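Subject: Structure handover

Hi,

Here is the structure I promised to pass on.

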Amino acid sequence: MTYFRGFSTAVAAVVLVVLGGCCGRGHGVVDVPTDEAGICSSGVTIHGYKCQEIQVQTKDGYILSVQRIPEGRYESDNGVKKQPVIIQHGVLVDGMTWLLNSPEQNLPLILADKGYDVWIANTRGTRFSRHHISLDPSSSAFWNWSWDELVIYDLPAVFDHVSQETGHKIHYVGHSLGTLILIASLAEGKLVEQLQSVAFLSPIAYLSHMTTVIGAVAARSLLPQVVTKALGVEEFDPKGVAVGNFLKSLCFRPRVNCYDLLSAFTGQNCCLNSSTVELFLKNEPQSTSTRNMVHLSQIARYGVLAKFNYERMDYNLRHYGKINPPLYDLSKIPRDVPIFISYGGRDALSDLRDVGHLLEILKSHDVDKLTVQYIENYAHADFIMGINANDVVYKYLITFINKHGSV
């Protein structure tokens, strides 16, 4: 089934769920969203749930949008502090992607109805996280970051805020890039004391075996010197002219199919309906930094998980004190952190062999703390937008969270 009508729409969504996300507001200052303008109004309160729009400031000055759903639809606040769950989207999308299906089919509202205090995080650069204490999105400095900075600044800022507000350890659910940044955090010993459990949907730690031709071509093309020459921009905006032309050029490469880009990037998703995809396209894709996209492509090219590679010895020496950037050592992930992993047999991004590499590293994990689920007919987008995801994935995820809840 082809989900995109017309080439221009397809190009706008080209990397949409590539590693999880999408949608740009364009350049310039964006007003901080109000309850009426934000994700709460668009995807939560319309269904009868309470929702709060919150701003969290990172230590490097970015102001992140976070939505809190404190209780289920038919609950009344009894003053009891519930266990919090942070839900983290992937690249090129924002938190709205979790809310596209009905309340019975989307994870944040299901968790709220199950008695959890739900927090939806939105990374820097997405439409409601385009503010900084001193930098403007029209400046190159605003976009001078990759997923390293999400590990160093964004996740800790959200975790600290949620910990202070709730007084509980935190359950975390990430999709795609949302898994990568938590995996890297654990490898560096970050957030461990604040975590109750972790759930990885379509985990991304390695990308060497992507079966998507267009993804592999993009990874080879996103070299620092090529990007600078071809794009000349620091913001990677799929709806912008420069990035649009770059993506369009990929479609003329051999064996690249641009008529069904969702499948071309993510694999043959089994369980998306057309109305959900149409709603997705109304909200996504989102901007990220070009440097972030380059960093992601480095995982595919080099086959290792490392900090950003400047691909110049003098630059790496200046930033890291060594010729090559430091690796994230996944063998250092604490063995007693409860981890749930769910991955799909048709996922062209989170490929079976790459997930297998991650699972091999985790083979010494405490047996009773690691749950692995394999879904043969699922691809990348099914985990967040699949109409049957509640029955296939979420009910098992929630059973896992309940099992590893606070004592």
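One term before anything else: I call a residue buried under 20% relative accessible area, exposed over 50%, and partly exposed in between, using a 1.4 Å probe and protein chains only. By that rule E284 is buried, because its relative accessibility is 1%.

Now the provenance. This is a predicted model, so local features need pLDDT of at least 70 and side-chain atom pairs count only at pLDDT 80 or more, while totals for chains, interfaces and linings use all residues. Residues are numbered from 1 along each chain as its sequence is written, and side-chain values use heavy atoms, with hydrogens and water left out.

**Overall picture**

The chain has 15 helices and 13 strands; these are DSSP runs numbered from the N terminus, with helices being H or I of at least four residues and strands E of at least two. Of its 407 residues, 61% are buried. A contact here means heavy atoms within 4.5 Å. Taking contacts between residues at least 6 apart in sequence, 77% join residues at least 24 apart.

**Annotated site**

Which residues does the UniProt "active site" annotation cover? The unreviewed entry lists S176, D347 and H380. They are spread over 205 residues of sequence yet cluster in space, with a largest C-alpha distance of 11.0 Å. A caveat on the record: UniProt positions are given in the numbering used here, feature names are shortened, and annotations may be inferred rather than shown by experiment.

D347 sits in the loop between β12 (339-344) and α13 (352-361), and it is buried at 2% relative accessible area. Its side chain makes a polar contact of 3.1 Å with the side chain of S202. For that term, I count a pair of N or O atoms within 3.5 Å; within protein, one must be able to donate a hydrogen and the other to accept it, and residues adjacent in sequence count only if both atoms are side-chain atoms. H380 is in the loop between β13 (370-375) and α14 (382-385), and it is buried too, with a relative accessible area of 0%.

**Disulfides**

There are two disulfides, a disulfide being a pair of cysteine sulfur atoms within 2.5 Å.

- C40 and C51 form one, with their sulfur atoms 2.0 Å apart. C40 belongs to helix α2 (residues 39-43), while C51 is in the loop between α2 and β2 (52-57), eleven residues apart. The S-S torsion is about -65°, so this disulfide is left-handed. C40 is buried at 1% relative accessibility, and C51 is buried at 13%.
- C270 is joined to C271, S to S 2.3 Å. The torsion about that bond is about -90°, so the C270 and C271 disulfide is left-handed. C270 is partly exposed at 27%, whereas C271 is buried at 10%.

**Cores**

In soluble globular proteins, nonpolar side chains tend to be buried together. For this I use a nonpolar core: a set of buried Ala, Val, Leu, Ile, Met, Phe, Trp, Tyr and Cys residues joined through side-chain atoms within 4.5 Å. The largest one has 56 residues, and I86, W147, F159, Y172, L182 and L330 touch the most other members. Leaving aside residues up to four places away in sequence, L182 touches L155, F159, Y172, L191, L195, V198 and F200. A second, separate core has 44 residues, including C40, L272, V277 and F400.

Helix α11 (residues 290-302) spans 18 Å from first C-alpha to last over its 13 residues, close to the 18 Å expected at 1.5 Å a residue; the expected span is 1.5 Å times one less than the number of residues. Eleven of those 13 residues are buried, so α11 is largely enclosed by the rest of the structure. Just after α11, G303 takes a positive phi of about 75°.

Back to E284: its place is the loop between α10 (274-283) and β11 (288-289). E284 and T126 are 158 residues apart in sequence but 9.8 Å apart in space, C-alpha to C-alpha.

Finally, D117 is in strand β6 (residues 117-121) and counts as buried at 3% relative accessibility. Not counting residues up to four places away in sequence, D117 touches R68, I69, P70, K82, Q83, P84, V85 and T166.

Cheers
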